[in-house]
Amino acid sequence: MLNLDDTIFFITLIIINFLFIKNYKYLGKKINIYDLPNEKRKIHKKPVPLLGGLIIYFNILLLIIYIFFKDPLILLSTFKHTEFKGLVYLFIILTIIFLIGLYDDKYKIRPFIRLIGLSILIYFMIKIDQQLLISHLKFTFTNSIINFDIGLIIFTFFCFLTLLISCNMSDGINLQSAFFYLINFSILYFIEQNLIIFIILFSLLIFIFLNFKGKIFLGDSGAYILSILLGFYYIKYYNLNGTLKADQIFLFLFFPVLDSMRCFGFRLLKGKSIFSADNTHFHHILLKKIGYFKTITILVIFYLLPLSPYLLDGEFISAFIFILLAYFLLIFKFRS
């Protein structure tokens, strides 16, 4: 139940976001961060402001400030932390990751330099917070548990980095990333109500409203902070709540990872850098053949398929096999 202070805060937040919606063009000109249609692979015809990350970061920041002055202990529980020092480090790391994305949106950092910077930040994040370490793997289809006696940091680091790179690469057409994040953060919120996740969902709805007609894009800043927080809460819920199993999380996050791994392999076979941008992504292939609305519909179906074992009382391994088969059959059909 919301008290008066909470009600005033959320009304104020709604008003601020409404003003953002009304003045996004002015803000875009002031910040001057645009996605320019200067490459053949790009679909849009005019410069589009990269303001999605700003919406998400700014709303999270406002909520953190409000909770801190209201009751700092709520802030600890919201981020699943046990002490404020770790929470401060986490927020500093998230801010730097966001700023790297924002700087890259404006000035374009070399991929290798960007990778090194993000890798260092991810390493420090999991090194500081021991509850982010994936020490074991539990599955829905067996009682056996895989324990990691060594390599905890390396495995967790690899999971975070893979998710961040894959989600960033999958941000290709309007609403594609928005729906992926919306579905996954909704799953997390359904498992446990959380104020940060709630504010992320609220921010995503604002972004979807503007992104639907291509008025703003998410940008690297948005993709980076959303991917890190998505991985953060999935691991926290896995380690602390016990309601999720490893194969469930893997399946929820599988599609962008699958597509990015295929693109990496394709580029290597062509003798190109794995970080070279091209139009070999799943959404590019479908877009050329069946148009935007059918493409985004198919993508949303793939994002929702991991929920089928819950709805149809099936097994996650069956859903995994179905996603793989459907993915490669569609690529074969539309590339031929």
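1. The model is predicted: local features need pLDDT of at least 70, side-chain atom pairs count only at pLDDT 80 or more, and totals for chains, interfaces and linings use all residues. Residues are numbered from 1 along each chain as its sequence is written, and side-chain values use heavy atoms, with hydrogens and water left out.

2. The whole structure holds six salt bridges (a side-chain nitrogen of Lys or Arg within 4 Å of a carboxyl oxygen of Asp or Glu). One of them joins K70 to D6, with 2.7 Å between the closest N and O atoms. K70 belongs to helix α3 (residues 52–70) and D6 to helix α1 (residues 4–22), so this pair ties together parts that are 64 residues apart in sequence. Helices are DSSP runs of H or I with at least four residues, strands are E runs of at least two, and both are numbered from the N terminus.

3. E192 and K80 form another salt bridge, at 2.6 Å from N to O. E192 sits in the loop between α8 (176–191) and α9 (195–211), and K80 in the loop between α4 (72–78) and α5 (84–107), so the pair ties together parts 112 residues apart in sequence. E192 is partly exposed, with a relative accessible area of 23%; K80 is buried at 15%.

4. R114 and D220 meet in a salt bridge of 3.9 Å, N to O. Since R114 lies in helix α6 (residues 111–128) and D220 in helix α10, the pair ties together parts that are 106 residues apart in sequence.

5. Helix α10 (residues 219–241) has 23 residues, and its end C-alpha atoms are 32 Å apart, which agrees with the 33 Å it should span (1.5 Å times one less than its number of residues). Of these 23 residues, 20 are buried, so α10 is largely enclosed by the rest of the structure. Just after α10, G242 has a positive phi of about 75 degrees.

6. K25, K29, K46, K213 and K215 form a positive surface patch (residues with over 30% relative accessible area and no salt bridge, like charges being joined within 9 Å). Of these, K46 lies in the loop between β1 (34–35) and β2 (48–49) and is exposed, at 63% relative accessibility.

Notes: Patch = residues over 30% accessible without salt bridge, like charges linked within 9 Å, V, L, I, M, F, W, Y side chains within 5 Å. Areas by Shrake-Rupley, 256 points an atom, 1.4 Å probe, with all protein chains shown as cover. Lys, Arg positive; Asp, Glu negative; His and termini not counted. Charge placed at Lys NZ, Arg CZ, Asp CG, Glu CD. Buried < 20%, exposed > 50% of the residue type's maximum accessible area, 1.4 Å probe, protein only.
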